Amino acid sequence: MLKTLGEMLFGGSCFLCRGKADALLCAPCEADLPRLGAELCPRCALASPGGALCGRCLTRPPAYDATSAALAYAFPADVLVQALKFRGELALAPVLGDLLARCITEAADCIVPVPLSSERLRSRGYNQSLEIARRVATLTGARLAPELCERRRDTATQMDLPLEERARNVRGAFHCPGIIGSATVAVLDDVMTTGATLDEIAATLKRAGAMRVVNWVVARTAPHV
């Protein structure tokens, strides 16, 4: 189905290089995607010697318990993410979902895509994290559960803010309308930068009863100092 969809939308050409391809990405372009290294902090997915918990997570432990990330947020992965997020290239969602599913090592009971505010959802017309999550749910067997967490107010776009203001921007922005049983919840997002949004969502889910919260993200940015 993905092969047919790719041929219909892109005429049998690779989305990145426009060369001949049987899917949305040709084999060379997929091979060139910036995979993350093996030695990552298991909690935040930043580089850490020996794959041990990094100093930041030891000093100020986030509310989430682990992070699985497929790619570094660098060319050409950033092109794919931005095309889905800002240009409505929805056919890329299953491609990114496939890449993410391959790097997930811990099972989850359900998947919560990072919710958009009602204002932003009306403006964009779709939630890119939800579109990716549909594919990941199919591949992992985890239940897709967007109803478990809501964004209660619109906030400034995180990418437009200085790093030190991002945690304050999303504080109190999320709400769980019901009680979550003792479950492992995967929060799915397209890009993880400072982790402020994911940290706030994890804290919200745990207050509602989640036993463990893990991040599943397509792309991880380089560390910020």
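A crossing of two helices is called left-handed if the near helix is turned anticlockwise from the far one by less than a right angle, and right-handed if clockwise. By that rule, α5 and α7 cross in a right-handed way. This is a predicted model, where local features need pLDDT of at least 70, side-chain atom pairs count only at pLDDT 80 or more, and totals for chains, interfaces and linings use all residues. Residues are numbered from 1 along each chain as its sequence is written, and side-chain values use heavy atoms, with hydrogens and water left out.

**α5 against α7**
- Helices here (H or I, at least four residues) and strands (E, at least two) are DSSP runs, numbered from the N terminus.
- α5 (residues 92–103) packs on α7 (residues 128–140) at about 50°, with the axes 8 Å apart; axes are lines fitted to C-alpha atoms, for helices over the stretch in contact, and angles run from 0 to 180 degrees between N-to-C directions.
- That makes the pair oblique, the label left over once under 35 degrees is roughly parallel, over 145 roughly antiparallel and 65 to 115 roughly perpendicular.
- On the α5 side, the contact (heavy atoms within 4.5 Å) includes Leu 96 and Asp 98, and α7 brings Glu 131 and Arg 135, among others.
- Sorted by class, this contact has eight nonpolar, one polar and three charged residues; Ala, Val, Leu, Ile, Met, Phe, Trp, Tyr, Cys and Pro count as nonpolar, Asp, Glu, Lys and Arg as charged, and the others, Gly among them, as polar.

**α4 against α5**
- α4 (residues 77–87) meets α5 at about 135°, with axes 10 Å apart, so these two are oblique as well.
- Their crossing is left-handed.

- Most residues other than glycine have a negative phi, and most peptide bonds are trans.
- Arg 18, in the loop between α1 (2–10) and α2 (27–31), has a positive phi near 65°.
- Arg 18 also sits over the face of Phe 15, 5.3 Å from the ring centre; the test is CZ of Arg, or NZ of Lys, within 6 Å of the ring centre and within 35 degrees of the ring normal.
- The Phe 75 to Pro 76 peptide bond is cis, omega near 0°, and Pro 76 is in the loop between β1 (66–72) and α4.
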